Amino acid sequence: MFKSGFVSIVGRPNVGKSTLMNNVVGEKIAIMSDKPQTTRNTIQAVYTDEEAQIVFLDTPGIHKPKNKLGEFMVKSATDAFKNVDLVLFVVDDSKKIGPGDRKIIEELRNVKRPVILVLNKIDQLQEDELFELMEMYHKENVFKGIVPISALKGRNIKELIKVIKTYLEEGPKYFPDYMITDQPERVLVAELIREKVLHYVHDEVPHGVAVEIEKMKSRKDKEIVDISAVIYCERESHKGIIIGKNGRKLKGIGKSAREDMELLLGSKANLQLWVKVKENWRNLQNYVSNFGYTD
Ligand code: GDP
Ligand code: K
Ligand code: MG
């Protein structure tokens, strides 16, 4: 009997949801960073083996919206509780249940689907600390199971898959075996660039950044993809920060984005990057839609 189903991954920003999803499918389909609100869209990752197909929905972290982009992010996160077979609630190694997690737990009490608690970042925990945390979450009486993992180190992921499978019912293969995401390559490439901006640039600059792929084309004669992309930011001063002294930052962003793209695309990439200013784009519904953040 072949099983299949949809699983949404929810949790506070930065607990490791995207890292978990990438680890499960073995490729970088969701960008990661140490900054909250890195993920803006709900991303589907598809895991397939001989017994089952699991479609994961990685959601933007749940938080209070501050602008149009924020509203969209919160909406797609709360929608994630509906129409799925199972919910994975990811938490990190924090020793106490903070207000962010508390809010989600209270919401999860009303969810009709089974909820599994995924306790991530156990590579940063001692064994006794781990048991204490499992005890703490167990007392909440919300979770059908608790699975400790390290998404970063790839620890206990197989066990998590096994647990998920026990909650799935007989079902079809929705996607072909080779398909690991529903995100088009263009979107993945743009997200890789945005990820590098998040790594290289700090403070308030990165949250005002969007990336648009203007051109992406394989050459006929060679295994090279020509890509040109624009990094949009909100202020002239931000533009300077992203470019850096003598263009050093932008060069670094471009180099590491290109390396990841070559892995993703399986061919050489020739990447051209520009930085442009588009003031206040996060509050203009128009631009938010243009950059792909729509329902
Ligand atoms: P998201 O906001 O929930 O999607 O979180 P990300 O996947 O972007 O991860 C946030 C940060 O936590 C990144 O710096 C990750 O490298 C880090 N991280 C994720 N999983 C683990 C883990 O298992 N162990 C440790 N030590 N760090 C992790
Ligand atoms: K993050
Ligand atoms: Mg994420």
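Why is β5 largely enclosed by the rest of the structure? I checked burial: five of the five residues of β5 are buried, so β5 is largely enclosed. My cut-offs: a residue is buried if 20 or more other C-beta atoms lie within 10 Å of its own, exposed if 12 or fewer, and partly exposed in between, with C-beta atoms placed from the backbone. Helices (H or I, at least four residues) and strands (E, at least two) are DSSP runs, numbered from the N terminus.

Housekeeping before I go on. This is a predicted model, and local features need pLDDT of at least 70, side-chain atom pairs count only at pLDDT 80 or more, and totals for chains, interfaces and linings use all residues. Residues are numbered from 1 along each chain as its sequence is written, while chains are lettered from A and ligands numbered from 1 in the order in which they are written.

Next I asked which strand runs beside it. β4 and β5 are parallel and joined by five bridges; I count two strands as paired if DSSP finds at least two bridges between them. V87 has V115 of β5 as its bridge partner.

Then I turned to β1, where seven of the eight residues are buried.
- β1 runs parallel to β3, with seven bridges, and K3 is bridged to A52 in β3.
- β1 runs parallel to β4 over four bridges, with I9 opposite L88 of β4.
- β1 is antiparallel to β7 (residues 169–170) over two bridges, and S4 has E169 as its partner in β7.

**Cores**

I wanted to know which residues touch the most other members of the largest nonpolar core. A nonpolar core here is a set of buried Ala, Val, Leu, Ile, Met, Phe, Trp, Tyr and Cys residues joined through C-beta atoms within 7 Å. The largest one has 34 residues, and V7, I9, F56, L88, F89, V90 and V118 are the ones that touch the most other members. Elements giving two or more residues to this core are β1 (3–10), α1 (17–25), β2 (43–48), β3 (52–58), β4 (86–91), β5 (115–119) and α5 (157–166). There is also a second, separate core of 27 residues, with V189, V205, Y232 and L271 among them.

I zoomed in on F89. Leaving out residues up to four places away in sequence, F89 touches V10, G11, I104, L108, V115, L117 and V118; contact means C-beta atoms, placed from the backbone, within 7 Å.

G26 follows α1 and has a positive phi, near 75°.

I then moved to an open sheet of three strands, ordered β8-β9-β10, with mixed pairing. β8 (210–218) and β10 (268–277) are at the edges with a single partner strand each, so one side of each has no neighbour in the sheet. β8 is antiparallel to β9 (residues 224–233) over eight bridges, and V211 sits opposite I231 of β9.

Which strands does helix α7 (residues 236–243) lie across? I got β9 and β10, with α7 running at about 150° to β10. α8 also packs on the sheet, touching β9 and β10, and its direction makes about 140° with that of β10. For these angles, axes are lines fitted to C-alpha atoms, for helices over the stretch in contact, and angles run from 0 to 180 degrees between N-to-C directions.

**One last residue**

I ended on L133, in helix α4 (residues 127–138). L133 has 23 C-beta neighbours inside 10 Å, so it counts as buried. L133 is 38 residues from K95 in sequence, yet their C-alpha atoms are 6.8 Å apart.

Methods. Two residues are in contact if their C-beta atoms, placed from the backbone, lie within 7 Å.
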